[in-house]
Amino acid sequence: MIKHHVHAEILMSYAAGTSSMPVSLIVASHVTICGKCRKDVQLFEDIGGKVLEESSSIKTKPETLDIMLSQLDDIDIEVETSSDIKVNSIFKNIPVVLHKMLPKGNTLTEKWKKGIGGIKYFDIDLGESNKNAHARMFSIPPGKTLPNHGHEAQEFTLVLEGGFSDKSGDYNAGDIAIEDELNVHSPVADSTEGCVCLTVYEGNLKFKGVLGLILNLLKI
Amino acid sequence: MFLDNSIESVDFSAKLNCISYKQEKQYLVLKPAVKDKELTYLISRIAGFKDKAAFSDLFKLIGPRIKGYLMKLGSSDVAAEDLLQEVMLTVWRRSETFDRSKAAVSTWLFTIARNKRIDMLRKEIRPQLDPLDPMLSPNQESFADDVYASNQEAMKISKAIDELPVDQAVLIKMTYYKDKSHSIIANELKIPLGTVKSRIRLASTRLRKLLEGKIYD
C-alpha cells in the first residue's frame, strides 16, 4: 500500500511535458507502481488534450498536407504497442522505464560502488543536457543511516525494495519522498530488509557534521 | 474557455497580431473546440481502412491547432511545421494502437505532440511508463470501461476547468504553455512558490471532485 505520493503540481508538469528529464524519470517510475498518481496523470493528460483542442489555430503551409500524403504508403504500420521489457533477475522490482536507463552490462551487481558503512551506490547517466542533475541508485544495509544532509534543490527518493524512515515518516516500496531545498534529514534503512532506492536531485547534497564535511569534500 | 481569458506572453500576442483577419475569422468558426466524436471517427477510418481522405480531414481539423500549441510553447514556425508532420505521420503509423477505452483522441494526440516536442527539443527520449510493464498496479483495469463513450463525457473536463477560479486556471494554463518550472513561473508572477503549488493542488482536488465517479472511478 503506497502512502507517499507525488504532489499534484509535479504530476501536472510531468503530464504537460515540462518537467526536467531526471524528474520525469522518477515520476514515471513511481506512476508505474502507483495507481492513484497514474489516475492523476491521466486527468492531467486529458487536460492536455483540451489545451490542444483549444489552442489557437495557426495556418499550416499549403504544401504540408501533400508532402505527408506522398509519404503515407511508405510508412510501416504499428499494430500493437511494443515494449522493451527484458526480465532481469537481479532487479525484479524495477519499472521498465527505469530499467532502460540502468548501465548496460552482464550483471548489474558489478555496477555497485562501495560507499561508507556498507552502503552501495551507482549513478545513472542522464546525458549531456542534465549535467547538473544526479540520479543515483542506493542499496543501504538494514539499519544503516545515511549521513545527515540537506540539498541545493528538491530531492526525490523512490523506494524500490525494503524501506527507510526519516523525521518525515516511514517509506516503503513504491513510496516517494520529496524533500524540499531547505530540509535536512538522515534516512535510516529498514532494520530487516534494508533499502534499495533511486534518488534524483539537482545540484549537490550538503552533508552536515564532521563526517559530512569529509563527504562534501569527496563530492559523494 | 479557460485558455482565452488569461495571461498571454508578449511574444505570442505579437504572433497573434500577425494573423490575418481571414484566419481570425476561420479560428472563430472553429470554436468551440474540436468535437471528440469527429476526431474518433476519423481515427477509426485511418486505423481500419488506411483512409487518406480521413487523414486529410483530421489534418485540416486539428493540424492548425497542434501547430498553435507547439508555437505557443516556443517552437519557431519552421520547427512547428516539422514537428506537426512528425505528429501526423505518427498518428498514421500508430492509429491501430489507439485504444479509446483508455483515452480520448485529443488526449492521445496531445501525448504524441508533447513527446515529439520533447524528443526534438532536448534530443532525448522522454522517460515514460511502459504500458506493458508487469509492475503496473492492478487498478489499471478500471480504465477498461468505455469511459469516453460520448462527446459529452469529454466535455465534462472542459466544463470542470471552466468552473475553476481564474487564479488557478491561469497557473494550469501556464504549466502547459510555458516550458518553465513552477519556481520560474512564481518569479514571473511575483507570487511565492508555495502559493503556486497550493493553487495547483487546490485546482487538482477540485477537478478530481468534479469528475468523481464519472470518469476516473
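A polar contact is a pair of N or O atoms within 3.5 Å; within protein, one atom must be able to donate a hydrogen and the other to accept it, and residues adjacent in sequence count only if both atoms are side-chain atoms. This is a predicted model, in which local features need pLDDT of at least 70 and side-chain atom pairs count only at pLDDT 80 or more, while totals for chains, interfaces and linings use all residues. Residues are numbered from 1 along each chain as its sequence is written, chains are lettered from A and ligands numbered from 1 in the order in which they are written, and side-chain values use heavy atoms, with hydrogens and water left out.

**Stop 1: the two chains**

Select chain A, which contains six helices and ten strands; helices (H or I, at least four residues) and strands (E, at least two) are DSSP runs, numbered from the N terminus. Of its 220 residues, 55% are buried, where buried means under 20% relative accessible area, exposed over 50%, and partly exposed in between (1.4 Å probe, protein chains only). Chain A exposes about 9,800 Å², with 52% supplied by carbon and sulfur atoms; these areas come from the Shrake-Rupley method with a 1.4 Å probe, and for residues only the protein chains shown count as cover.

Next select chain B, with ten helices and zero strands. Buried residues form 51% of its 217 residues. The accessible surface of chain B is about 10,200 Å², and carbon and sulfur atoms account for 58% of that area.

**Stop 2: helix α5 of chain B**

Select residues 77-94 of chain B. The 18 residues of this helix, α5, should span 26 Å at 1.5 Å a residue, and the end C-alpha atoms are 25 Å apart, which agrees; the expected span is 1.5 Å times one less than the number of residues. Its buried residues include B:Leu84, B:Met88, B:Val91 and B:Trp92. Which elements do the buried residues of α5(B) pack against? They pack against α4 (64-71) of chain A and, in chain B, α3 (36-49), α4 (52-72) and α6 (105-122).

**Stop 3: B:Ile43**

Move to B:Ile43 in helix α3 of chain B. With a relative accessible area of 2%, B:Ile43 is buried. Not counting residues up to four places away in sequence, B:Ile43 touches B:Leu58, B:Val91, B:Ser95, B:Phe98, B:Val105 and B:Trp108, a contact being heavy atoms within 4.5 Å.

**Stop 4: the loop between α6 and α7 of chain B**

Select B:Asp133, placed in the loop between α6 and α7 (151-162) of chain B. B:Asp133 is buried yet has no salt bridge, and the nearest side chain of opposite charge, A:Lys100, is 8.5 Å away. A salt bridge is a side-chain nitrogen of Lys or Arg within 4 Å of a carboxyl oxygen of Asp or Glu; Lys and Arg count as positive and Asp and Glu as negative, with His and the chain ends not counted. A polar atom of the B:Asp133 side chain lies 2.7 Å from the backbone nitrogen of A:Val96.

B:Leu136 is in this loop too and counts as buried at 15% relative accessibility. Beyond its neighbours within four places in sequence, B:Leu136 contacts residues including A:Thr32, A:Arg38 and B:Leu129.

**Stop 5: A:Asp166**

Finally, select A:Asp166 in strand β5 (residues 155-166) of chain A. A:Asp166 is buried without a salt bridge; A:Lys167, the nearest side chain of opposite charge, is 7.5 Å away. The side chains of A:Asp166 and A:Ser168 are joined by a polar contact of 2.6 Å.
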